[in-house]
Structure formats: structure tokens, C-alpha cells
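User: I would like to go through this model in questions and answers. Please keep each answer brief and end it on the value or name asked for.

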Amino acid sequence: MSKFFSTRAGAWAGFGAAALVLFGAAPLVLSGFRLGLLAQFLCYAIVAVGIGLAWGRGGMLTLGQGVFFGMGAYLMAMHLKMADAEFRGGAGAVPDFMELAGIRELPAYWVPFASPVFTIAMILVLPTAFAVLLGFAVFKRRVKGAYFAILSQALAGAFAILLIGQQSMGGFNGLSRFRYFFGYNLDDPVNQQMLYFIAAGVLLVVVAVALQLRRSRYGELLVAVRDAEERVRFLGYDAANIKVVAYATAALFASVAGAIFVPVVGIISPASIGIVPSIMFILGVAIGGRASLVGPVVGALAVAWAQTALSEQFPSAWTYAQGLLFIVVIALLPGGIASIAAATKRFRKEPATAEAPA
Amino acid sequence: MSTNALTCTAVSVDFDGFKAVNGVDLTLERGEVHFLIGPNGAGKTTLVDAITGLTKYAGSVVKDGVELRGRKVHHIARRGIGRTFQTAQVFEQLTVAQNLDIAAGAARPALSLLRRRTALPEHVVAVMDQIGLARHAQTPAGILAHGQKQWLEIGMLLVGDADVLLLDEPIAGMGQAERDTTGRLLHDIAQTRAVAVVEHDMDFMRAFASRVTVLHAGAVLATGSVDEVTNDPRVQEVYLGAAHEQETADAATA
């Protein structure tokens, strides 16, 4: 089966089936509330695809994807607040939360976010550019392994703390109560469904991009850097450049996911982008199988779904279940859910070979 | 093409006051298999590390008229200097064909890397034949035999158009048949390239060296043909002593 999906026809079939489920079955079966939840999970899955690329294929343990997720989310949220303010009080009006905080004058850096085009451009460019700069600074100095992981995690913590201190960015409470998304009323169930379709469509695109990157010569090179960075350098490649591409791509995916997350969920606050959410992203990818293409998606969806389901039933049990899940996967299935097929095959084979000599 | 491929002049490596390499002059010529021998700690591998940009050094290394000192590892590699490691470093998760294709591609334009590989370049196929791994094109490098990994690593330098090859103990752990095959391969590729081999194995050196440089305590002790070097009394004293006595004993009993 896995052989079939690695062919060109197989890939199309896989995408077709996924599209059928996401665009056909899910909206029919799920209530509006559940569909909204699924849209939120799909945003996590988009982040996970990027982590699968940077960590699974590139060996960079990106423990701080909350930074890029948060950048995309806050950039989008700024635009939505500006649009709402403009709708209420005309051009130049101050968003509601600023009025409550006593800010009468619109800060200069908010002004351009009235433009949807500028906002979307920023969502695509700003986190990617930041990742490129950071990547060059880190990888050229050959910072890797645990040091890189700690660095990126500290960055996520620092970013959340920075935002808590910014009253003009909503502070601890973050930004919420969005009414319009590029002119569409967010209370309308039809528009909520549209947001779900956007999330589903973006996920398919992101998976397709990741698939192309894996199959390309670049993808082979990335695995080579992961397994023997020194060797790659002695072959005449600048290994840092190769890593930066994967890191920046993962940042872009996370940013886009954050931007979709905001209108879907209706709130973004420092609590959704700091260290804990960043670890949650990694957890999903590890459980799904970081080196496979679909594993991170499955893992992210499974973890998010399990968290919601368990928290509904047993509010205090989720934390324990989460820890247990992580231990079980690391101990018994280091390759994640994606490796179950191969693991069972090995399990079935073993008794057979044991019998052979008898 | 001049035969003189690489010239090291007064190369010294200083590890916090310890001179691992001390004023080494070394010339590698195309058409030669040049053996670097010497006891443990003589500075052989450190010298290779210095030439390839891994270790900082004083002195000068010139290839085809270009000074290499201070350049980055990947820049030096792109100038045609390839090296292998004591334990073969290949990309274990990738197939033999993928390993060689990556090694052949350092000069590819960045955007072309985003496309899928449709066919192996011709010279990659030719090298795969030369190193005897044509049948294993689709085998993951990680499950190759020890000797095959070493050959693959040499092949990776060949497809990358390296014309100065620095091989660190290429026959370590090989059986006799594999050693002979490797020796012949080295002479084959040295026809148009300069090949330097860091080695401990004296029999292998006698069988395949065109020229030998003996390092001792970071400095060059002697350089010349196999006979010149093995007959040099200083060399016999520091390095070949035990083996030489053993041989005379063997000759006496025979």
C-alpha cells in the first residue's frame, strides 16, 4: 500500500481520497460546532507538516514553532480588529480593546494593517524572513541538536512574554471578538464553513508542497544533511543554506496556519503561542511519525481530537493521558503511528522465521 | 594540466600549544598514489583536516595556483579537493544512486534542486561501474558491506570531480581481496588525479604506493619511493623498526 502511494498515480489517488473526506464527507457528517473544531485541528496539522519537514527530514528539532504560528495569527488578528474598528467608527478609528485600555491614538504600526493585501503579504513574508535571518545566524555557526532546540524554545517563551507586555497588542488577553473576515460576517454558519474549507484547502496545498520537496533532489539532500552534515559540507555544499530552506518553509506553514486559526477560533492570546503550545505541536508530530509525509498530519489531528474529547469527559485526565501517550509512542513506536504498518509486518515475520529451521 | 596538483608549505597546526603538525612541506602530483604513513599521533589526519579547511593552521596550501588557507570547508571541496574519513561516512538512509547523485550535484543551480531526479547523470553511472556497485544502485547505503561503503565514499569524490583525493585509511577493516581491489582502484583513479592515502598497513603501502611521505611527531621524516623510505635508517628507527626486525628474522629462518 505504501508502495502504491509513492507512485505518481498513487499520490493523486491519495490526494483525491483526502479531498473527498475533507470537502465531501466531513461537512455532511459533522455539526457546525464540530466542523469548527476540525478547522482548528487542521490549522495544527498545517503547522505539523512544516515540523515534519524541518525536524523529520531535516533533523532540526523546532521546539518554538509557536513564534511563527503566533506571528501569522497576530498579523491576521490586527487586520481583523482594524477592519472591525473601521466598520464601527470609520477610517482611523481605534479598535475596541484599545479604547478599553485607554489608548486613544492608533499606534503607527497598526495603520497599514487596514489593508488586506498588506496583511496577507506580511503573513507570508515576515515570519519567513525572520526564519531565514535566524536560520543563517544559527546554522552558519553550526548550532544544532539540543542547543538549537533550547534556543527555539526560549524564543517561543520570550515572544509570548513580549506580547503579554504590549497593551497595544492586547496584552495577556490577546486579541478577540472579530466580526468580519475580509467582509464576511463571522457569525454566519455559511462563512464558518467557508473558513473550514480554506483550512482544508491550505492543508492539501501544504502537503503537496511537502511531497514535492521530499521527492526532489533537495529532499534527498536534506536527509543527507540530517544524517551526515559534515560529509555534505566536504562534498562542496553549504549545509546551512540547505537547512535554512526547510526551516523557513516550516515557518511559512506555521504562519499561514496561525492566520487561518484566528478567524476560525476567534481569539489569539500569548497562551496559544508560547512554550506549551509549541510542545503540543511537536508532540503531535512525534506521535504521528515525524519522518513520514502524512504522519505529522495524522498525529496532530489525533492529539488535538484526543485532547478535546478527553477534556470534555474527564477535564483533569488529559494531562496524564498526554504524558502516557508520549511515553508509549517513544518507547514502543519511535517512528510514530506512521510506522505501525511496518512494525506489525516485522512482528508477523518474526515468528515465521523462527519456525523456519524446525 | 600540470602534474603538480597540491603544494603544502610549512603547514603547522597548533592545539593550545601542542604542535600536532609542525612545518610540513608536501607536494601531491597527478598520476601518483602518495602514501602518508607514520605512527599514531604523527599528525597524518590532522594534516588532512588542515588541508580540507576543518582545522586552522599556519603556512600555506596551494592548489592550481590558488591559496586555500582560510577558506571554508565547502569552498575547498568545490575547488576539487575531496576526502574520506576513517569510518566511511555515507548517507545510510539513501540508496547508492542517491548518494552518488548528491555528491555529483554541488554545482547544480539551487532552483533545479526543487525538481525530482529523472535520470542519473552518465558519469555517475560510469563511476558506479568503476567502484563495482552497479548492481547495488537501489540498495540503501546503510546495509552495504564495510568495504563497499569505503568504495562508495571514494566514488562520491569521483563524481564530484575532485582531482585531489585525500583518503583516510581506506582499507581499514578490509579483507585481502578487497584490499587488492581497492589498491587497483586507487591506481586507476590516480591516472588523472592526485591521490593521497593515510595508512598504517605496510604491506598495502609496499604494494601500491608510488611515493611515500613519513610523518613523525608532526614533521616530515622522509619522503621518496617505497625503497628509499624503507631503507632510510631514521624511518626504520621510529616506525618500521619492529616490522623490519621481524622481517629479517623471517628471512633468516626461511
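User: How many bridges join strand β1 of chain B to β2(B)?

Analyst: In this predicted model, strand β1 of chain B covers residues 4-15 and runs antiparallel to β2(B). Within β2(B), the residue that stands opposite B:Val11 is B:Val24. The number of bridges that join β1(B) to β2(B) is eight.

User: Which strands stand at the edges of the open sheet of four strands in chain B, and why is one side of each left without a neighbour?

Analyst: The pairing in this sheet is antiparallel, and the order is β2-β1-β4-β5 (chain B). An edge strand here has a single partner strand, so one of its sides has no neighbour in the sheet. The strands at the edges are β2 (18-29) and β5 (66-67) of chain B.

User: Is strand β3 of chain B mostly covered or mostly open, and how many of its residues are buried?

Analyst: One side of β3(B) carries B:Val33, B:Phe35 and B:Ile37, which are all buried. Strand β3 (residues 33-37) of chain B is mostly covered, and the number of buried residues is five of five.

User: Which strands are joined to β3(B) by four bridges each?

Analyst: Strand β8 (residues 194-198) of chain B runs parallel to β3(B) and is joined to it by four bridges; in that pair B:Leu36 stands opposite B:Val198. Strand β9 (residues 211-216) of chain B is also parallel to β3(B), with four bridges, and there B:Ile37 has B:Val214 as its bridge partner. The strands asked for are β8(B) and β9(B).

User: What radius of gyration does chain B have, and what would a compact globule have with 254 residues?

Analyst: Chain B contains nine helices and 10 strands. Its C-alpha atoms fill a box of roughly 60 × 45 × 35 Å along the principal axes, and 44% of its 254 residues count as buried. A compact globule with 254 residues would have a radius of gyration near 18 Å, which agrees with the value for chain B, 19 Å.

User: Into which domains is chain B divided, and what distance separates their centres?

Analyst: Domain 1 of chain B is made of 1-80 + 163-254, and domain 2 of 87-162. Taken over C-alpha atoms, the distance between the centres of domain 1 and domain 2 of chain B is 25 Å.

User: Which elements give two or more residues to the side of domain 1 of chain B that touches domain 2 of chain B?

Analyst: This contact takes 12 residues from domain 1 of chain B and 10 residues from domain 2 of chain B. On the side of domain 1, the residues divide into seven nonpolar, two polar and three charged. The elements that give two or more residues to that side are β7 (164-168) and α6 (176-189) of chain B.

User: Which element gives the most to the side of chain A that touches chain B?

Analyst: The contact between the chains takes 18 residues from chain A and 23 residues from chain B. On the side of chain A these are eight nonpolar, two polar and eight charged, and the elements that give two or more residues are α9 (217-227) and α10 (229-234) of chain A. With seven residues, the element that gives the most is α9(A).

User: Why does chain A count as being as compact as a globular protein of its length?

Analyst: The secondary structure of chain A comes to 15 helices and four strands. The globule rule gives 21 Å for 358 residues, so chain A is as compact as a globular protein of that length, with a close radius of gyration of 22 Å.

User: Over which residues of chain A does pLDDT stay under 50?

Analyst: Chain A averages a pLDDT of 90, and 95% of the residues score at least 70. Where pLDDT is low, predicted coordinates should not be read in detail. The stretch of chain A with pLDDT under 50 has zero contacts beyond four places in sequence in the model, and covers residues 351-358.

User: What ipTM does the predictor give the complex?

Analyst: For chain B the mean pLDDT is 89, and 93% of its residues reach 70 or more. For the complex, the predictor gives a pTM of 0.89 and an ipTM of 0.88.

Key
Residues are numbered from 1 along each chain as its sequence is written. Chains are lettered from A and ligands numbered from 1 in the order in which they are written. This is a predicted model: local features need pLDDT of at least 70, side-chain atom pairs count only at pLDDT 80 or more; totals for chains, interfaces and linings use all residues. Domain bounds come from an automatic or database domain assignment. Two residues are in contact if their C-beta atoms, placed from the backbone, lie within 7 Å. Ala, Val, Leu, Ile, Met, Phe, Trp, Tyr, Cys and Pro count as nonpolar, Asp, Glu, Lys and Arg as charged, and the others, Gly among them, as polar. pLDDT is the predictor's confidence in each residue, from 0 to 100. A residue is buried if 20 or more other C-beta atoms lie within 10 Å of its own, exposed if 12 or fewer, and partly exposed in between; C-beta atoms are placed from the backbone. Two strands pair if DSSP finds at least two bridges between them. The radius of gyration is taken over C-alpha atoms; the globule rule is 2.2 Å times the number of residues to the power 0.38.
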